[in-house]
Amino acid sequence: MTSVMSDVHAGVESKSITFENVVSGHTSARRCWSRGKHARHRRGRVPRVHVAFVAPDRAAVKAFFDAAVPAGAEVLHGPRVWPEYHPGYYGAFVDPDGNNVEAVCHRAT
């Protein structure tokens with residue numbers, strides 16, 4: 001399994017997880033979208049960050065979105081093609097805790 005995110009720092013704890021663990025249920029969605037002690041960092045005290053997970057396919061982007069929303073993440077943009085980035089860019093964006101978290105697939109289909 002390939003790690004697609006490692007040691008992201010924005011004034012909160014360091015995390016290293018794989019995309020596959022998030023969407024397969026091996027890492028709880030609550031762990032990724034935790035509002036607990038990190039809620040105090042929302043809006044202004046810590047700079048917003050954008051973290052993108054590279055997904056293996058479009059179904060994985062949808063699975064990411066479908067796991068994040070029920071876990072409490074705010075919907076920024078649902079899964080769709082973003083041709084302004086490039087023709088194969090398919091992504092979804094959520095805000096779990098004041099930050100922009102994205103799953104993206106760069107495949108055309």
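1. F64 has a relative accessibility of 1% in this predicted model, so F64 counts as buried, the cut-off being under 20%. F64 belongs to helix α3, residues 58–68, where A60, V61, F65 and A68 are buried as well. These residues lie on the same side of α3, because the arc they cover around the axis is only 140 degrees. In general, an α-helix has 3.6 residues a turn, so positions three or four places apart point the same way.

2. The N-terminal end of α3 is capped by D57. A side-chain oxygen of D57 lies 3.3 Å from the backbone nitrogen of A59.

3. The count of aromatic pairs comes to 4. In one of them, the ring centres of F53 and F64 are 6.2 Å apart and the planes stand at 55 degrees, so this pair is tilted. F53 sits in strand β3 (residues 50–54) and F64 in helix α3, so the pair joins distant parts of the chain, 11 residues apart. F53, at 4% relative accessibility, also counts as buried.

4. W82 and F93 make an edge-to-face pair, with 5.3 Å from centre to centre and 80 degrees between the planes. W82 is in the loop between β4 (74–81) and β5 (90–95), while F93 is in strand β5; this pair too links distant parts of the chain, 11 residues apart. Both W82 and F93 are buried.

Note on methods. Residues are numbered from 1 along each chain as its sequence is written. This is a predicted model: local features need pLDDT of at least 70, side-chain atom pairs count only at pLDDT 80 or more; totals for chains, interfaces and linings use all residues. Side-chain values use heavy atoms; hydrogens and water are left out. Buried means under 20% relative accessible area, exposed over 50%, partly exposed in between (1.4 Å probe, protein chains only). Helices (H or I, at least four residues) and strands (E, at least two) are DSSP runs, numbered from the N terminus. The arc is that of the directions from the helix axis to the C-beta atoms. A polar contact is a pair of N or O atoms within 3.5 Å; within protein, one must be able to donate a hydrogen and the other to accept it, and residues adjacent in sequence count only if both atoms are side-chain atoms. Rings of Phe, Tyr and Trp (its six-membered ring) pair if their centres lie within 6.5 Å; planes under 30 degrees apart count as stacked, over 60 as edge-to-face and the rest as tilted.
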